[in-house]
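Keep the sequence and the 3D view side by side as you read.

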Amino acid sequence: MKKFLVTTAALAAFASPAVALEYVCDVRGNGEGFVSSVVALQFEPGAGTAMVYDAVIDAVHGEPIEVDLKDRGRGRYRMTYRVSNIPARPRPLTILYTINLDAEKNTVVIRGTMPGYSNLVGGKGTCKKR
């Protein structure tokens, strides 16, 4: 947890504080796993990329990753990314994630699909702007 907090604080260094939005979200997963209970997001509105960090990303990369960002209007944003080599048995997994953030309501919905499997992972939660 300490490493997570240190890295979350490091997210602030990636962009200009005047325009960067930072959120820490508490997420309740749907029970399928591979969705972290805490997700940190940072982005600049109008930019094409964002930074995301959670326990799954930490297990694979050890630091925040850059993801695709789409501004959907009215304070809604979509972030999409792939995490490969997620530790799992019988073999490592790849999951394609989509995060939908509603910055006006401070809510988040996370969905993940695993190529080659019918399982869907996901969760919903609330976010705090930092």
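The report goes from the overall fold to single residues.

**Ground rules**

This is a predicted model, in which local features need pLDDT of at least 70 and side-chain atom pairs count only at pLDDT 80 or more, while totals for chains, interfaces and linings use all residues. Residues are numbered from 1 along each chain as its sequence is written, and side-chain values use heavy atoms, with hydrogens and water left out.

**The barrel**

Eight strands form a closed barrel. The order is β1-β2-β3-β4-β5-β6-β7-β8, and the pairing is antiparallel. Strands here are DSSP runs of E, at least two residues long, and helices are runs of H or I, at least four residues long; they are numbered from the N terminus. Two strands count as paired if DSSP finds at least two bridges between them. From one strand to the next, the twist averages 30°. That angle runs from 0 to 180 degrees between N-to-C directions, with axes fitted as lines to C-alpha atoms.

| Strand pair | Sense | Bridges |
|---|---|---|
| β1 and β2 | antiparallel | six bridges |
| β2 and β3 | antiparallel | four bridges |
| β5 and β6 | antiparallel | nine bridges |

**Strand β2**

Start with β2. Six of its six residues are buried. Buried means under 20% relative accessible area, exposed means over 50%, and partly exposed lies in between (1.4 Å probe, protein chains only). Both faces of β2 are covered. Val-38, Ala-40 and Gln-42 sit on one side, and Val-39, Leu-41 and Phe-43 on the other.

Two of these residues have named partners across the sheet. Phe-43 in β2 stands opposite Leu-21. Leu-41 stands opposite Val-52 in β3. The hairpin of β2 and β3 has five residues between the strands. There, Gly-46 takes a positive phi near 90°.

**Aromatic pairs**

How many aromatic pairs does the structure hold? It holds three. Rings of Phe, Tyr and Trp (its six-membered ring) pair if their centres lie within 6.5 Å; planes under 30 degrees apart count as stacked, over 60 as edge-to-face and the rest as tilted.

Phe-43 counts as buried because its relative accessibility is 2%. Tyr-77 is buried too, with a relative accessible area of 7%.

Tyr-81 and Tyr-97 form a stacked pair, at 5.3 Å centre to centre with 20° between the planes. Tyr-81 lies in β5 and Tyr-97 in β6, 16 residues apart. Both Tyr-81 and Tyr-97 are buried.

**The disulfide**

A search of the whole structure finds one disulfide. The term means a pair of cysteine sulfur atoms within 2.5 Å. Which residues does it join? Cys-25 is linked to Cys-127, with 2.1 Å from S to S. The link is right-handed, with 100° about the S-S bond. Cys-25 is in β1 (residues 21-29) and Cys-127 is in β8 (residues 120-129), 102 residues apart. Cys-25 is buried, with a relative accessible area of 0%. Cys-127 counts as buried because its relative accessibility is 7%.

Is Asn-100 buried or exposed? Asn-100 counts as buried because its relative accessibility is 19%. Asn-100 lies in β6 (residues 93-102). Its side chain makes a polar contact with the side chain of Arg-78, at 2.9 Å. A polar contact is a pair of N or O atoms within 3.5 Å; within protein, one must be able to donate a hydrogen and the other to accept it, and residues adjacent in sequence count only if both atoms are side-chain atoms. Not counting residues up to four places away in sequence, Asn-100 touches Arg-72, Tyr-77, Arg-78, Thr-107, Val-108 and Val-109. Contact here means heavy atoms within 4.5 Å.

Asp-54 sits in the loop between β3 (49-53) and α2 (55-60). Asp-54 counts as buried because its relative accessibility is 5%. The side chain of Asp-54 reaches the backbone nitrogen of Ile-57 at 2.8 Å.
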